[in-house]
Structure formats: C-alpha cells, structure tokens
Amino acid sequence: MKRFFANFPAIPIVPTGRTLVLLALLAPVAVVIAATAPSAWIVAPAAGLALLLLAVMDGWLAGGLQNFAYYVPSDAEVGRETAIRVEADINRDSDAAAPEAAIGFDPRLGEGGSAIFKLAPTGLSGKFSGEADIAPTRRGPGELHDLWLRWRGPLGLAARQKYVPLEATIRVWPDLSPVRSPVLQTFLRDSQFGLVARRVRGEGTQFEALSEYEPGMDRRRIDWKASARHTALYARENEAERDNQIVFAFDCGQSMCEPVDGLPRIDRAVSAALMAAYVALKGGDKVSLFGFADQPQMMTPFIVDSRAFHRLQSAAAELDYVPREPNFTLALATLTARLKRRSLIVLFSDFSDPTSAELMVESVERLVRHHLVIFVTMTDTELEDLTATDPDSMGDIAIAVGADALARQRELVLTRLRRLGVDVIEARHDAIGYRLIDLYLKTKQAEAIG
C-alpha cells in the first residue's frame, strides 16, 4: 500500500528544545544585569529577541517540504517484523541533519503504539527515506492513524513539523513461519506423504487391491473367499487410512490470552496447529478448526485439500481473545454434537486453578468415549523459575511454596488426563508443533483414528 502527498501549504516553524534552554538561561542573566548595571537592562531583551530572530531564520533555512509518501503493507503476521517506509522530498542539502518521522498506530501492531525513526539521504538531492520495523502482538486489523515529519535547521534552533492523519490498515494474520520453515518442507518432501500424497500399500486397514500370494507374505492377509473363486491363493493389499477427521480445538479464554515470550498463548497454539494441519492435509486427512471461550465461537467446515489451506488461516485469524473463563462443558458438548463420526480432536488449553481444571477433565472424559483426544499445553516457565530459584527471604520462600503447589496440581491434572486415555503434550511453545506432528503421525500409523 502506498500513499502520496504533495503541494503543501506553508509549514509552521517551531522552536527546538535548544532554543527554549537558551531562552531560559537568559532569565538569570537578565537578573544579574539588572542588579549590577540597571542602565544596561535592555541587553537581555535584545539578546532574547535576537535569539528568536535567529531561530526564525534557522527554521526558514530548514527548507520546505515538496512531497512525501508512506508505504504500509496490507498484511503482516503476528510476532513477525514488518516494515513501514516513509519517503520525503525536502528543499535542503542532503548532508543536513536527518529528518525524523513518527507514526502512531493501534497497540496490537506493536508495543507502545508508536514508532520514531530517522530518514536517511537516498543519494539524490533533497530526498530522504527511512523505515520503521514493527512487530504485531495480536491478530486482527490494526490501524495507523497519525504521522509526523520533523526536520531541523542547520543551527538546530528551529524545526519545521508536518502532521498528517493516516487512513491505513494492516491485517495481522497468524504466524505461518513454522509452515514455511525449511525443516518442515524437507520433512514433507522426504516423508511417506511427500508434497504429493502417495499410497502406502501393505499397511493399514483400508482395502486397496488383490495380488497373488507369494511365499513370505503374512498368511493373515490371505483372502480365502477370493482364493476359492480363483482356485489360487490371493492376498489383500491394504493402504494406510486416509480421509480421517482432525479437529483442532482452541480454548480462547483467559489463561490462553496470557503472554508467553511476548505473544499470547493462543497465538502460539494457532501457529503450531496450522503447521500440524498442513501436514494432515498433505497426508489426505480432513481438517477443521473449532474455537471457544465462555461459549463456542466458530467451527469451520472440514478442509480436504492443502490448496484450501488459506481458508484455515483466515478462520484462525478470526479467533478472538476473550478475557473470561472458558465453558468446557458447553463447548465440548457442542463439538461432540457436530461430529458425526470418530475423529481426532487436538485440544489446546491451559488452566490456572483446580476448579476450571476439574470441569475440563470431566468434559474431556465424555469426549474420549467417542473420539481420540490429544491435549496440548505449554510449559509454564514462570512456575518453573519460581520453584527453581533459591529463596533469599521469607517472602521468596512463600512464593516458591505456592508455585510448587500449583505445579503439583498441574501435574496431577495432566496425570488424570493420561489415565483417561488422552495423549498429553506439554512442551515449550516453540516445540509443541513438532511434538504434535510426531504424535499425529504415530497415531495415524497405528490406525487409531478411524
């Protein structure tokens, strides 16, 4: 996106901090002159007036703004830097003090909601250019609403300043850098799925073809009815099951809105889920996304082709941040009612108190009666640090004891989930995606989904 402005009216001249400091220093000088030489009192006002005239001249020498343009990308990914560029054409020498630009924007586009940067000469007379790198912290549309340009005169006593209201929006998408990573692309190229899914015969339970039985084959593969019809031994060739239903369910409630390494947990979960979803689509399975908090948010139709992966990305971008406790009972009951066949459900969630954890375990217990469930949670590094730090005071001991109690409760909940038959993944946010892919492939190979 590019915006271009030209033909500006006269831009006002404003004093700099240097001028104000010099004027402030003239006050005590005027007092000293009035006390020691009252007849020379006119010197101080004359000096102040001369300073102001000099500042006006300095501002005039700063040069006028002919035109400027700003470039804003229409899309960005959460947690990934994106550049906003400003170009200005000013009637001044390129070796003069560099102009400064400041941009104000929605806080979801970066911490502080503003960026200040200098414009460097481009090599052409009077032309300057500069970039500000911003890293969005949340998904969704973020607006840029203000832009200031400021350039000083050669003496630094005055500056010219231009304000322009902006009308630009950056759409912040989930982070897809794990999907684009060379590690994942190499894995897909070398795995049994590959970039084009291939059939794997001799494994699985889905019938593919009949072939003549040869010595060394597993006798359990002999199809006795077909052999009787052909008066020769024939064996069944099966292939790994495809067309499984995979549902990635996201808890968008209060605990998942808490940040981990600068980004909300829900955004870390979305990135890991999209990476696993891409692998599942390449493997011939169907993928859906389900989001919930205190009530269900959305559920996408099942996507069956990796070429429609962008639909999952768009749906994931709509998952909202809800600072309320999730209703697991309502959400998982709604999900169960919408699923007409056995599916693999990957649940991304976290818990901070025993009450919410108990409700979650009860809801998951009903879910595992009909579906295969994987529970994914991120390691609570804050609890680990609190329990591992050597205490220096009684307050530190109390904090460490409380953190240890929470860690024990957390481990107890995860143990209960494992006893229910739920596969639990607890890892750092940058490792859960790969752990999830490994477990998914292991589950698929064991034909445990269908």
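**Figure 1. A close-up of D175 and the residues around it.** Setting aside neighbours within four places in sequence, D175 is in contact (heavy atoms within 4.5 Å) with E77, V78, R80 and S271. This residue is found in the loop between β11 and α3; helices (H or I, at least four residues) and strands (E, at least two) are DSSP runs, numbered from the N terminus. With a relative accessible area of 9%, D175 is buried; buried means under 20% relative accessible area, exposed over 50%, and partly exposed in between, using a 1.4 Å probe and protein chains only. D175 and A272 are 97 residues apart in sequence, and their C-alpha atoms are 9.1 Å apart in space. A word on the model: it is predicted, so local features need pLDDT of at least 70 and side-chain atom pairs count only at pLDDT 80 or more, while totals for chains, interfaces and linings use all residues. Residues are numbered from 1 along each chain as its sequence is written, and side-chain values use heavy atoms, with hydrogens and water left out.

Figure 2. P264 lies in strand β16 (residues 263-264). Is P264 buried or exposed? Its relative accessibility is 5%, so P264 counts as buried. Not counting residues up to four places away in sequence, P264 touches T137, R138, M256, C257, E258, P259 and Y321. Of these, Y321 is 57 residues from P264 in sequence, with 8.9 Å from C-alpha to C-alpha. D261 has its place in the loop between β15 (259-260) and β16. D261 counts as exposed, at 53% relative accessibility. Look also at the backbone here: D261 is not a glycine, yet it has a positive phi of about 55°.

**Figure 3. Helices α6 and α12 packed together.** Two packed helices are described by the angle between their axes and the distance between the axes. For α6 (residues 265-282) and α12 (residues 432-445), the angle is about 35° and the axes are 9 Å apart. The axes are lines fitted to C-alpha atoms, for helices over the stretch in contact, and angles run from 0 to 180 degrees between N-to-C directions. From α6, the residues R268, A272, M275, A276, V279 and A280 meet I432, G433, Y434, L436, I437, Y440 and L441 of α12. Sorted by class, this contact of α6 with α12 has eleven nonpolar residues, one polar and one charged. Here Ala, Val, Leu, Ile, Met, Phe, Trp, Tyr, Cys and Pro count as nonpolar, Asp, Glu, Lys and Arg as charged, and the others, Gly among them, as polar.

**Figure 4. Helices α8 and α9 side by side.** Helix α8 (residues 328-338) packs against helix α9 (residues 354-367) at an angle of about 15°, with the axes 9 Å apart. The two helices α8 and α9 are therefore roughly parallel to each other; angles under 35 degrees count as roughly parallel, over 145 as roughly antiparallel, 65 to 115 as roughly perpendicular and the rest as oblique. Which residues of α8 and α9 meet? F328, T329, L332 and T336 in α8 meet S356, L359, M360, S363, V364, R366 and L367 in α9. The classes in the contact of α8 with α9 are six nonpolar, four polar and one charged.

Figure 5. Rings of Phe, Tyr and Trp (its six-membered ring) pair if their centres lie within 6.5 Å; planes under 30 degrees apart count as stacked, over 60 as edge-to-face and the rest as tilted. How many aromatic pairs does this rule give? The count comes to five. One of them is W148 with Y163, a tilted pair with 5.4 Å centre to centre and 40° between the planes. W148 lies in strand β10 (residues 140-152) and Y163 in strand β11 (residues 158-173), so this pair ties together parts that are 15 residues apart in sequence. W148 counts as partly exposed, at 32% relative accessibility. The F250 and F348 pair is stacked, with 5.3 Å centre to centre and 10° between the planes. This pair links distant parts of the chain, 98 residues apart: F250 in strand β14 (residues 245-251) and F348 in strand β19 (residues 344-348). Both F250 and F348 are buried. F290, F292 and F328 form one aromatic cluster.
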